[in-house]
Amino acid sequence: MKTTLSPVMAGTMNWGVWDKNLSVAEMANLILVCLENKITTFDHADIYGGYTTEATFGEGFKQSKIDRSKIQLISKCGIQLVTDNRQNRIKHYDYSKEYIIWSAENSLKNLKTDYLDVYLLHRPSPLMQADEIAEAIEKLKKDGKILDFGLSNFTASQTDLIQQKTKVSYNQIQFSATHFEPMVDGSLGHMQIHNIRPMAWNPLGTIFREDTEQTRRLKKLLARLVEKYHFGSDIILLAWIMQHPSKIIPVAGTVNVARIQQLQKASDLILDKEDWFEIWTESMGNEVP
């Protein structure tokens, strides 16, 4: 039985020093804003903010006085960055049993919680040993420190490697209208077959970040769809993702309160089938195969 997560999750990568540099009080307020708008799941990774964002969030969560049972916390481990907080000579990955357990316990301490709802391996490593990973995950589950387990940025075969030793419930991948490859390369089909729930990072893709032929085509179409559906472009793009039968959960990284107040509307919007295919068509620049 999977942990129940909110239909849209709050991504915290930009909350800390890597971008918005929110204070403890600002994070506490933002957590409350998310909850008021039915966003109860918060997506973390140990590396965010150079290993600092989880601790600031944890202080904000403590300050907010929110009951732990009202939210879900996700974190990831495995990436070893070269920062002042780690004695790493080069960026690499570590999926030893000892490190996976230590990293989970460190995230618990920083987030001011006794358990993680979901714990993910952040990126695949050529040196990862499925047996060792499974031992770590089973111990963390047995000790009540994590409720569920998943992966992030893993291919179908890499997922199978881990899944043969321990149950994989989630895989967080890059997916959007401008990055739709998982929809056609078998990744999402594989997840459906194996009852793995996808999460999508960068769910708005490059539409609002880059000026390319692809984004210009999509913006032109979205202007018309905004008029038709009376929702913003970002909500239409999230709804497009969520309409896929694999039940993808978008990870929304915005800290803009007005946008957060709109995000859950994506759960209510069902696009006309031809409009859904038109978004894909305009992204590709040609009709579907």
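First, a word we'll need: a cavity is a set of grid points where a 1.4 Å probe fits but cannot get out. Keep in mind, too, that what you're looking at is a predicted model.

Look for Phe 154, Thr 155, Ala 156, Thr 159, Asn 171, Ser 187, His 190 and Met 191, and you've found its lining. Two elements, α6 (156-163) and α8 (187-193), each give two or more residues to that lining. Of these, α8 supplies the largest share, with three residues. Sort the lining of this largest cavity by class and you get three nonpolar residues, five polar ones and no charged ones.

Now hop over to the second largest cavity, with a volume of about 30 Å³. Around it you'll see Ala 10, Trp 15, Cys 34, Ile 39, Ala 252, Thr 254, Ile 260 and Leu 263. Here the lining has seven nonpolar residues, one polar residue and, again, no charged ones.

Next come the pockets. These are open sets of points, whereas a probe in a cavity cannot get out. The largest pocket contains about 780 Å³ of space. Its lining takes in 33 residues, and nearest the centre are Met 13, Asn 14, Asn 202, Arg 209 and Gly 253. What classes do the lining residues of the largest pocket divide into? They come out as 14 nonpolar, 11 polar and eight charged.

The second largest pocket has a volume of about 170 Å³. Among the residues lining this pocket are Asn 153, Ile 173, Gln 174, His 179, Glu 181 and Trp 201. Phe 154, Thr 155 and Ser 187 line this pocket, and you met these three in the lining of the largest cavity too. At least two lining residues each come from β8 (170-174) and α7 (181-184). By class, the second largest pocket is lined by four nonpolar, five polar and two charged residues.

Which way do its residues point? Ile 249 and Val 251 point one way, Pro 250 and Ala 252 point the other way, and all of them are buried. Strand β10 also has partners. It runs parallel to β1 (residues 9-11), and two bridges join the pair; there, Met 9 stands opposite Val 251. Strand β9 (residues 197-201) runs parallel to β10 as well, again with two bridges, and Ala 200 sits opposite Pro 250.

Last stop: the nonpolar cores. The largest has 72 residues, and the ones touching the most other members are Ile 100, Phe 175 and Trp 240. Helix α10 gives this core its largest share, eight residues. Zoom in on Trp 240: leaving aside neighbours within four places in sequence, its contacts include Phe 175, Phe 180, Met 183, Leu 271, Trp 276 and Trp 280. Apart from this core lies another one, of nine residues, including Ile 74, Val 118, Leu 120 and Val 251. You've seen Val 251 already, as the β10 residue opposite Met 9.

Terms used:
Residues numbered from 1 in each chain as written. Predicted model: local features only at pLDDT ≥ 70, side-chain atom pairs only at ≥ 80, totals over all residues. Heavy atoms only, no water. 1 Å grid on protein atoms, 1.4 Å probe; cavity = no way out; pocket = protein on both sides within 12 Å on 5 of 7 lines; lining within 4 Å. Helix = DSSP H or I, 4+ residues; strand = E, 2+ residues; numbered from the N terminus. Nonpolar A, V, L, I, M, F, W, Y, C, P; charged D, E, K, R; others polar. Points joined across faces, edges and corners; volume = space filled by probe spheres on them. Buried < 20%, exposed > 50% of the residue type's maximum accessible area, 1.4 Å probe, protein only. Pairing = 2+ DSSP bridges. Core = buried A, V, L, I, M, F, W, Y, C linked by side-chain atoms within 4.5 Å. Contact = heavy atoms within 4.5 Å.
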